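Visitor: I would like a close look at a single part of this model. Please keep it brisk.

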Amino acid sequence: MNAPSLLALAKAQAGRDLRLVWRRRGDALQPLMFALMVVALFPLALGAEPGKLAKIAPGVLWVAVLLSGLLTLDNLFRSDLEDGSLEQLLLSRAPLAWLIAVRVGVHWTVTSLPLLVATPLLAELLALPHDLLGPLLASLALGTPLLSLIGAVVAALTVGIRRSGMLLAVLALPLYVPVLVFGAGAVAAASQGLPWLGAIYLLGAGLALALVLAPLAAATALRIALT
Amino acid sequence: MNRLILWFNKTGSPPNFDRFAARWTPWAFAVAFATMAIGVYGALYSVPADYQQGESFRILYIHVPAAWMSLFVFVVMAIQSVIALVWRIKICELLAMACAPVGAAFTLITLLTGSIWGKPTWGTWWTWDPRLTSELVLLFLYVGVMGLYAAIEDRRAAARAAAFLALVGVVNVPIVHFAVNWWNTLHQGSTIRLLGPSKMDASMMWPLLFTVIASKAWFIGSLLQRARAMNLEQESAKDWAREAAGEDA
């Protein structure tokens with residue numbers, strides 16, 4: 001039997017994952033709704049002064065995106081574990097890291113990309129100055145895949161645990177700190193007229209590193225969690 | 001076989017480790033108590049008060065060793081984790097997991113003494129100084145390792161998963177430190193800085209040496225004691241373990 005090429009594997013895996021999402025397309029909107037609600041809480045709690053909102057907007061948007069990503073992490077491997085297809089992935093002759101990379105890619109496309117598209121709207125709700133939208137989108141575009149990749153490692157480690165929601169957050173958040181610092185920091189720097197591309201470059205470097213290492217780490221973590 | 005490797009392999013077996021830990025734990029604690037007593041006496045009575053900070057600086061003799069240990073224990077935990085994951089040595093899994101609560105305690109002591117010290121000298125309990133922030137994240141990482149270890153039923157699987165997390169964490173610590181440094185220089189807020197080990201007088205130095213040795217010895221004793229208890233618990237079905245635990249077989 002010939003082993004299928006990596007590209008064919010990726011196609012099959014991505015097709016299956018996308019079809020599963022499409023069958024339950026209502027769920028796919030939930031991260032977006034969650035981020036919208038978090039954003040809506042801040043003017044309600046702090047008062048609706050545009051000046052004050054504009055000052056906190058970059059941080060609030062970053063935290064909202066980060067938290068909504070955190071809540072979707074548990075789904076990354078959970079349903080596959082329950083119907084047994086995760087074991088099949090482990091047993092297959094295809095490199096596990098590659099399959100996980102494809103899985104994370106699909107997950108990011110379904111959960112984070114809609115958020116990215118909706119960011120201008122959310123930014124408008126918080127009266128973010130328009131010239132900051134560029135830095136914000138750039139930092140989110142590089143930061144959210146990084147969050148997904150780091151999160152995949154933690155999700156793989158906790159996949160065997162029944163009620164892992166809170167634990168997953170406790171494990172993932174310390175690892176998210178640097179991404180948040182550079183992501184929100186880039187926008188904060190831009191708002192003060194300081195050079196902000198440095199932080200973006202660092203995020204890009206982190207993403208390049210995580211693209212290579214995180215799938216391997218997640219594959220190891222899955223093997224540890226399921227043996 | 002090389003004598004060192006032979007010793008290593010022998011001590012790695014659960015009954016031998018139990019004997020080894022039982023023999024050395026009291027010594028480690030004895031050294032810790034003795035050096036701690038001398039160090040604390042020196043810190044509280046014999047060392048002169050600081051010309052700038054007065055008496056409040058004396059907390060340094062607890063704060064600084066605890067801060068060093070909080071990082072040192074994490075590195076020890078990571079090294080044990082590598083050994084546990086690569087060579088699957090049972091004792092190393094236990095030692096790595098026994099490190100986490102001790103390290104978390106040192107981190108907590110660092111944060112608490114730091115804020116007690118911060119109140120009279122900086123006028124605030126807490127400031128988002130890079131060092132304080134990375135120490136806080138370090139505490140979260142310890143808590144994560146302990147939480148993951150507690151959450152998984154199977155003890156060996158739990159130890160391996162938590163050991164892997166410790167490895168991810170040890171990569172994360174320098175990145176966090178770099179990130180929060182960058183972040184604070186960006187804001188240029190307070191110019192408050194930690195005192196730093198700069199130009200400490202020799203007459204003030206010697207109790208620090210004693211408390212540093214005490215914290216190391218305390219760590220060794222505590223680590224061995226914890227690992228021994230975990231070891232006995234896991235081997236509790238075996239005869240030697242019942243005997244060692246003083247239970248009638």
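In which crossing, left-handed or right-handed, does H6(A) pass H9(A)? Take me through that part, then through what surrounds it.

Guide: This is a predicted model. The crossing of H6(A) past H9(A) is right-handed. Helix H6 of chain A covers residues 96–125, and helix H9 of chain A covers residues 197–226. Their axes lie 8 Å apart. The packing angle is about 110 degrees. Angles from 65 to 115 degrees count as roughly perpendicular, and H6(A) and H9(A) are therefore roughly perpendicular to each other.

Now the residues. H6(A) brings A:Leu96, A:Ala97, A:Ile100 and A:Ala101 to the contact. From H9(A) come A:Pro215, A:Leu216, A:Ala218, A:Ala219 and A:Leu222. By class, this contact of H6(A) with H9(A) holds nine nonpolar residues, with no polar and no charged ones.

H6(A) also packs with helix H2 of chain A, residues 30–46. Here the angle is about 25 degrees, and the axes are 9 Å apart. Angles under 35 degrees count as roughly parallel, which makes H2(A) roughly parallel to H6(A). H2(A) passes H6(A) in a right-handed crossing.

On the H2(A) side, the contact residues are A:Pro31, A:Leu32, A:Ala35, A:Leu36 and A:Val39. They meet A:Thr111, A:Pro114, A:Leu115, A:Ala118, A:Leu122 and A:Leu125 of H6(A). The residues of this contact of H2(A) with H6(A) divide into 10 nonpolar, one polar and no charged.

A word on confidence. Chain A has a mean pLDDT of 89, and 99% of its residues reach 70 or more. Within chain A, confidence is lowest in helix H4, residues 75–82, at a mean of 85. The highest value in chain A, 93, belongs to helix H7, residues 133–157.

Next, the partner chain. Contacts link 21 residues of chain B with 22 residues of chain A. On the chain B side, helix H5 (130–151) and helix H6 (155–187) each supply at least two residues. H6(B) gives the largest share of that side, 12 residues. By class, the side of chain B that touches chain A has 17 nonpolar, three polar and one charged residues.

Chain B itself has eight helices and zero strands. From the N terminus on, its elements run α-α-α-α-α-α-α-α. Its C-alpha trace spans about 60 × 40 × 35 Å along the principal axes. Of the 249 residues in chain B, 38% are buried. Take the contacts in chain B between residues at least 6 apart in sequence: 78% of them join residues at least 24 apart.

One residue of chain B illustrates such a link. B:Val47 sits in the loop between helix H2 (14–46) and helix H3 (60–87) of chain B. B:Val47 counts as buried because it has 20 C-beta neighbours inside 10 Å. B:Met204 is 157 residues away from B:Val47 along the chain, and their C-alpha atoms are separated by 5.7 Å. Setting aside neighbours within four places in sequence, B:Val47 is in contact with B:Gly42, B:Ser203, B:Met204 and B:Pro207.

Back to the part you asked about. H6(A) passes H9(A) in a right-handed crossing, and H2(A) passes H6(A) in a right-handed crossing. H6(A) is roughly perpendicular to H9(A), whereas H2(A) is roughly parallel to H6(A).

How values were computed
Residues are numbered from 1 along each chain as its sequence is written. Chains are lettered from A and ligands numbered from 1 in the order in which they are written. This is a predicted model: local features need pLDDT of at least 70, side-chain atom pairs count only at pLDDT 80 or more; totals for chains, interfaces and linings use all residues. Axes are lines fitted to C-alpha atoms, for helices over the stretch in contact, and angles run from 0 to 180 degrees between N-to-C directions. Helices (H or I, at least four residues) and strands (E, at least two) are DSSP runs, numbered from the N terminus. Angles under 35 degrees count as roughly parallel, over 145 as roughly antiparallel, 65 to 115 as roughly perpendicular and the rest as oblique. A crossing is left-handed if the near helix is turned anticlockwise from the far one by less than a right angle, and right-handed if clockwise. Two residues are in contact if their C-beta atoms, placed from the backbone, lie within 7 Å. Ala, Val, Leu, Ile, Met, Phe, Trp, Tyr, Cys and Pro count as nonpolar, Asp, Glu, Lys and Arg as charged, and the others, Gly among them, as polar. pLDDT is the predictor's confidence in each residue, from 0 to 100. A residue is buried if 20 or more other C-beta atoms lie within 10 Å of its own, exposed if 12 or fewer, and partly exposed in between; C-beta atoms are placed from the backbone.
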